[in-house]
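Here is my note on the model you sent. Keep the structure open while you read, and check each point against it.

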Amino acid sequence: MVFSVVRELGLAGPSGVSIPVLTAVLALVAWSAGASAADLGLERAAVPAGVRYGAAAFGTVGVVVLLAAVVPLTQPALHDARGEITGGRLLYEVTVVVVLLTAIPEEFAFRGVLLGSSTALWGPRRATVATAILFGLWHIQPTLQTMSGNRALGGAPAQAAGRVALVAGAVVVTFLAGLVFAWLRLRSRSLVAPVMAHVATNGLALVAAWVLAHQRLP
């Protein structure tokens, strides 16, 4: 949460620097607390299960995004200004920003360090809810940035009440996503599963927005 505030104030520096630093700090915290690889979802033996659960989640998200992209009623939600980029920039956004600077560090933080430590303290159910709440609150600042570039939401944020409603909705959605990501992590015992689900959620939506922006779909 402190990092989120610092980032909002523009004091965190470039993401390419601040995110790796934050990840290194979290790794140091986990190491100093004596967390094992299994506690963090990094146990090698659990990787195959993580890939299986992650692939299932990735496919499910893909179907949902595809349906949203082809159904006229839901298409406007994907008309995001972020999709108005070149193919090369899209590749960079998906591979570097989504995978390396978002999904991996956020999953390491929320489903690795936080979920692992809170599970030891409170058990898996309370830990799942607590980390999902924090995950929802973490997305307040990114939501404020995204809504300004979404044409479907262009009129709603004009008033303070509209902004509050949209941010609250985003917090609820990311809270629910946090529950699912935590379930994937605990069920598979691997951080690979929620990372793949996270990449699908962020990356496929961006790809769909890019395709729509370039009029590849009706």
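In what order do the elements of the protein chain run from the N terminus on? They run α-α-α-α-α-α-α-α. Please remember that this is a predicted model.

1. **Overall make-up.** The protein chain has eight helices and zero strands. It holds 218 residues, and 37% of them count as buried. The accessible surface comes to about 11800 Å². Carbon and sulfur atoms own 71% of that surface.

2. **Contacts along the chain.** Take the contacts between residues at least 6 apart in sequence. Of these, 76% join residues at least 24 apart.

3. **How α4 and α5 pack.** Helix α4 covers residues 87–122. It packs against α5 at an angle of about 145°. The two axes are 8 Å apart. The crossing of α4 and α5 is right-handed. On the α4 side, the contact includes Glu-106, Phe-110, Arg-111, Leu-114 and Trp-122. On the α5 side, the residues include Pro-124, Ala-127, Leu-134, Phe-135 and Trp-138. Find these side chains before you move on.

4. **A nonpolar patch on the surface.** Which residues form the nonpolar patch? They are Leu-114, Val-129, Ile-133, Leu-134, Leu-137, Ile-140 and Leu-144. Together they have about 480 Å² of accessible area. Helices α5 (124–138) and α6 (140–147) each supply at least two residues. Helix α5 gives the most, with four.

5. Ile-133 is found in helix α5. Is Ile-133 buried, partly exposed or exposed? Its relative accessibility is 42%, so Ile-133 counts as partly exposed.

6. **Salt bridges: the count.** How many salt bridges does a search of the whole structure find? It finds three. As background, side chains of opposite charge can pair when their charged atoms come close.

7. **Glu-43 and Arg-189.** Their side chains meet in a salt bridge at 3.2 Å, N to O. This pair links distant parts of the chain, 146 residues apart. Glu-43 lies in the loop between α2 (15–32) and α3 (47–70). Arg-189 lies in the loop between α7 (160–188) and α8 (192–213). Glu-43 counts as partly exposed because its relative accessibility is 30%. Arg-189 is also partly exposed, at 43%.

8. **Arg-89 and Glu-93.** This salt bridge has an N to O distance of 2.9 Å. Both residues lie in helix α4, four residues apart. That is about one turn of the helix. Arg-89 has 42% relative accessibility, so it counts as partly exposed. Glu-93 has 18%, so it counts as buried. The cut-off for buried is under 20%.

9. **Arg-111 and Glu-107.** Here the N to O distance is 2.6 Å. Why are Arg-111 and Glu-107 separated by about one helical turn? Because they are four residues apart in helix α4. Arg-111 is buried, with a relative accessible area of 0%. Glu-107 is buried too, at 0%.

Key: Residues are numbered from 1 along each chain as its sequence is written. This is a predicted model: local features need pLDDT of at least 70, side-chain atom pairs count only at pLDDT 80 or more; totals for chains, interfaces and linings use all residues. Side-chain values use heavy atoms; hydrogens and water are left out. Patches are made of residues with over 30% relative accessible area and no salt bridge: like charges are joined within 9 Å, nonpolar side chains (Val, Leu, Ile, Met, Phe, Trp, Tyr) within 5 Å. Accessible areas come from the Shrake-Rupley method with a 1.4 Å probe; for residues, only the protein chains shown count as cover. A salt bridge is a side-chain nitrogen of Lys or Arg within 4 Å of a carboxyl oxygen of Asp or Glu. Buried means under 20% relative accessible area, exposed over 50%, partly exposed in between (1.4 Å probe, protein chains only). Axes are lines fitted to C-alpha atoms, for helices over the stretch in contact, and angles run from 0 to 180 degrees between N-to-C directions. A crossing is left-handed if the near helix is turned anticlockwise from the far one by less than a right angle, and right-handed if clockwise. Contact means heavy atoms within 4.5 Å.
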